[in-house]
Structures are given as C-alpha cells and as structure tokens.
Amino acid sequence: MDAPVAVITGASSGIGLALTRHLFLKGWNIVMADIQNPPDNEDLNSERTLYVKTNVASWDDQVRLFEAAFNWRQRLDLAALNAGIDDRDDIFHTIDAGNPPKKPNMTPFDINLTGVYYGIKLFTHYASRSPNPGGKIIVTSSIGGLYANPGMPQYTATKHGVIGLVRSLALGAHSAGFTINTVCPGVVATGLPPGPLMQKIRPEWLTPMERMMEAFDELMDDGKGHNGQTVEIFPEGLYYSEPPRPVSHSGKSMASSDVFKTWYEVYVERNKAFV
C-alpha cells in the first residue's frame, strides 16, 4: 500500500521541521511548504519529500501547493497547518498625537488565521479525492490562543481565532470524514521568540520537541478518534482544554448541542449561496 502523504506548512524550521523528520522516520511521504528553503543539511530522502515554496498568506500559492501535493502521490492524508509569525505592529506605544498612524502591518492575521482557513479549504478538497476520502487536520495554535499575552496582541488574537475555528469546524469535519484538532504549545525553542525573550525563559518552562511530537501522534491516532480538541502542551505532559462554558441560565440554554445544531444546519444551507 502507498505510504500516507502529509502536507506540513512552516516545514523548513522549528516545529514544522521536527514534524517532518518525525513523520519521515515513520515512513510518511512529506510535502514541505515554506517561504524559506529547507536546510541543506537535512538527511531527507528526496524521493519521499517534496518542497513547494509557499507563502501561506497567498490563496494562489496555496492552490499551487495543494495541487502539486495531490498530483505527487494522488492522495493526501494529513494537513499540519503550522506556519506562523509573531507581532508586526504596536498600538499604544506608537501613539503620536500630532500625526495620524500609518496602516498597520496585519501579516500575522494573514498567515496565522486566514492562511489556516485557506489550507483547510484546499486540503479537504484534495483529500476528498484520495483513494480513502477524508483525512486529518492539525493546526498549530499556542497557549497564547487560550491565555492573553500583553506582549503579543496580534499573535494572541490570531491564535484565539484558530482555536475557535477548529472547535466550530469539528461537526462539519466529522460529517465529511475528517478530523480537525489544534495543538497549543507553551514555549518551544524555535526561531519565533526573540532572543532577548528566550534569554529570560527558565529551562524548566521549555517544552521539549519530543512532547510536541507526542501530541501530534495522539491526535493522529485513529483509535482515539479525537476531533475538535485543543491540546495544551507543556514539559509535564498533554492537557486537553475544554471550551469555556456560559455562566447565565439563558447562556447555558443557548449553548446546548441541540441549539448549536440548528445554527449549523441553517448556516450550511445559507452559506451555499456564497460559494
């Protein structure tokens, strides 16, 4: 039987590169998507890896990525939507009362949130054409998607959005033969955090990359059947985070599974007009 195929965004460094190595050793074929070329010293068999230069903020780039990925092996099994960047703007510390602000850099939203939506949309299309239609989607969020971080408001907003997106898509994913989950690492030694910040991080706060791979393995396990889950990843282990629950009586009533099913059914029909 042909080996499964994973599309990994942000695959040339950090968590994405570690996941590429991890799945490669498990016998997967890997499509590495990144705006940067993979490191030259990586011992990855070129027959089982395909690099596609991709800016995930670009719909056209992602169309080319997923088309090339599917045509390579005529199947797709996993999308690990991992590409992300931190903040590119500041609001309160750049106020100049004498001059209006220039348009802010919103690239973190384009990459971390819109790019994820693009990836989900395209992966589900091509994976539905696989010999066994369906597949697994794992999106990299962050503990910043669960807890406010005053140093990174853009990043925090996008990662909160990713978690809301994953939780909201779970019902539809299940109906189409997919699973969708999100991983929320604490501090991982990648190129994302600035050097001065990493110098202040206590060693015991760092989540080892092996723990990250444990989370991916668990969410890919067919026997566990995880869908719509949010997994916090810390040095001590994996912790499944439940969505916040309404406090008021009316809120509890509105947030029931039956009511949400009605919202789901109505919007599934309504949104067909926009596609």
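Reply: The account below begins with the sheet and then turns to its surroundings.

This is a predicted model, in which local features need pLDDT of at least 70, side-chain atom pairs count only at pLDDT 80 or more, and totals for chains, interfaces and linings use all residues. Residues are numbered from 1 along each chain as its sequence is written, and side-chain values use heavy atoms, with hydrogens and water left out.

Eight strands make up an open sheet of mixed pairing, in the order 3-2-1-4-5-6-7-8. Strands here are DSSP runs of E with at least two residues, helices are runs of H or I with at least four residues, and both are numbered from the N terminus; two strands pair if DSSP finds at least two bridges between them. The edges are held by strand 3 (49-53) and strand 8 (237-240), each of which has a single partner strand, so one side of each lacks a neighbour in the sheet. On average, neighbouring strands are turned by 20° against each other, direction ignored; axes are lines fitted to C-alpha atoms, for helices over the stretch in contact, and angles run from 0 to 180 degrees between N-to-C directions.

Within the sheet, strand 6 (residues 178-185) runs parallel to strand 7 (residues 230-234), the two being paired over four bridges. Val183 stands opposite Val231 in strand 7. Helix 2 (residues 59-73) packs on the sheet and touches strand 1 (5-9), strand 2 (29-34) and strand 3, with a direction that makes about 165° with that of strand 2. Contact means heavy atoms within 4.5 Å.

Strand 2 contains Asn29, which is buried at a relative accessible area of 6%. The classes are buried under 20% relative accessible area, exposed over 50%, and partly exposed in between, with a 1.4 Å probe and protein chains only. Apart from neighbours within four places in sequence, Asn29 is in contact with Ala3, Pro4, Val5, Ala6, Arg48, Trp72 and Arg73. Thr20, in helix 1 (residues 14-25), is likewise buried, with 0% relative accessibility. Leaving aside neighbours within four places in sequence, the contacts of Thr20 are Ile8, Ala11, Ile30, Met32 and Leu44.

As for charged pairs, the whole structure holds eight salt bridges, each defined as a side-chain nitrogen of Lys or Arg within 4 Å of a carboxyl oxygen of Asp or Glu. One of them joins Lys26 to Asp217, with the closest N and O atoms 4.0 Å apart. Lys26 belongs to the loop between helix 1 and strand 2, and Asp217 to helix 6 (residues 209-220), so this pair ties together parts 191 residues apart in sequence. Lys26 is partly exposed at 49%, as is Asp217 at 27%. Another salt bridge links Asp86 and Arg88, whose closest N and O atoms are 2.5 Å apart. Here Asp86 is buried at 14% relative accessibility, whereas Arg88 is partly exposed at 40%. In the salt bridge of Arg245 with Glu242, the corresponding distance is 3.7 Å, and both residues are exposed.

On the surface, Phe260, Trp263, Val266 and Tyr267 form a nonpolar patch with about 450 Å² of accessible area together. Patch residues have over 30% relative accessible area and no salt bridge; like charges are joined within 9 Å and nonpolar side chains (Val, Leu, Ile, Met, Phe, Trp, Tyr) within 5 Å. Accessible areas come from the Shrake-Rupley method with a 1.4 Å probe, and for residues only the protein chains shown count as cover. Phe260 is located in helix 8 (residues 257-271) and is partly exposed, at 47% relative accessibility.
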